[in-house]
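Here is a walk through one protein chain, from its overall form to single residues. Keep the model open and follow along.

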Amino acid sequence: NSWGPDNDDTPLPDATRAAIDYATTTGRDGKGMVIFFAAGNSADDTIHDNYVNYSRCIAVAASTNFDTRAGYSRFGEAISIAAPSNGGSLGITTTDVTGSPGYSPTNVTSAFGGTSSACPLAAGVAALVISVNPNLTWQEVKAVLEASADKIDPQDGEYDANGHSIFYGHGRVNALRAVELARE
């Protein structure tokens, strides 16, 4: 998910909360769907975003190709993990909207970025985890992603005693380690 309120402290609507609760309770034959939210690009604390802070969502921050915080990425206690995006010397290359509505006439862009590109990358890693162990609950998938994440930027990451950083959560997703851990 790369959407949410335009204004700080907007309540999570009851219908949205009910949909997330339903998906995480009944989805995947009771194991629960894994719900990701892009942390946002306003470079401030996520504490005022009731979507990102909802306990049944995995909040994803953005890191750069230098394994540092993307300066625009929101931060806070809600951050679960980080994933690569733009903000360093590289952007994310992806397919584009076909034709003139897109970024490029080649239908491919290297200008995709923000937490809106970090979030689907993290979701893709979760899909790999589920592909090797479909019996995991959504909470177990989240735990695998967090436990297998790389602690990037150790000098400025401000990791606490529990291994959590307000900038990177438990670190940058690591697909190989996540799949290996899910197989155990």
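**From fold to residue**

Along the principal axes, the C-alpha trace spans about 45 × 40 × 35 Å.

A word on the basis. This is a predicted model, in which local features need pLDDT of at least 70 and side-chain atom pairs count only at pLDDT 80 or more, while totals for chains, interfaces and linings use all residues. Residues are numbered from 1 along each chain as its sequence is written, and side-chain values use heavy atoms, with hydrogens and water left out.

Now the layout. The chain holds 4 helices and 5 strands. Read from the N terminus, the order is α-β-β-β-β-β-α-α-α. These elements are DSSP runs, numbered from the N terminus: helices are H or I with at least four residues, strands are E with at least two. Of the 184 residues, 44% count as buried. Buried means under 20% relative accessible area, exposed means over 50%, and partly exposed lies in between (1.4 Å probe, protein chains only). Among contacts with a separation of 6 or more, 59% join residues 24 or more positions apart. A contact here means heavy atoms within 4.5 Å.

Turn to helix α3, residues 138–148. Its buried residues are Trp138, Val141, Val144, Leu145, Glu146 and Ser148. What do they pack against? The partners are α1 (14–30), β1, β3 (79–84), α2 and α4 (175–183).

Ala126 is buried, at 2% relative accessible area. Leaving out residues up to four places away in sequence, Ala126 touches Phe36, Val141 and Leu145. Both Val141 and Leu145 are among the buried residues of α3.

Next, the largest pocket. About 220 Å³ of space lies in it. Of its 19 lining residues, the closest to the centre are Pro5, Ala39, Gly40, Asp49 and Arg74. On a 1 Å grid over the protein atoms alone, a pocket is an open set of points where a 1.4 Å probe fits, with protein on both sides within 12 Å along at least five of seven lines; lining residues have an atom within 4 Å of a point. Points are joined across faces, edges and corners, and the volume is the space filled by probe spheres set on them. β1 (36–38) and α2 (115–132) each supply at least two lining residues. The lining divides into 6 nonpolar, 9 polar and 4 charged residues. Nonpolar covers Ala, Val, Leu, Ile, Met, Phe, Trp, Tyr, Cys and Pro; charged covers Asp, Glu, Lys and Arg; the others, Gly among them, are polar.

Asp44 lies in the loop between β1 and β2 and is partly exposed at 24% relative accessibility. Setting aside neighbours within four places in sequence, Asp44 is in contact with Asp8, Arg74 and Phe75.

Strand β5 (residues 108–112) contains Ser110. Ser110 is partly exposed, at 46%. Beyond four places in sequence, Ser110 touches Gly91, Ile92 and Thr93. Its C-alpha atom is separated from that of Val141 by 29 Å.

Two backbone angles deserve a look. Most residues other than glycine have a negative phi. Asp29, in helix α1, has a positive phi near 55°. Asp29 is exposed, with a relative accessible area of 76%. Asp67 also has a positive phi, about 55°. Asp67 lies in the loop between β2 (58–63) and β3 and is partly exposed at 25%.

Last, the cysteines. How many disulfides does a search of the whole structure find? The count is 0, where a disulfide is a pair of cysteine sulfur atoms within 2.5 Å. The cysteine sulfur nearest to that of Cys57 belongs to Cys119, 9.6 Å away. That distance is too far for a bond. Cys57 is buried at 4% relative accessible area, and Cys119 is buried at 3%.
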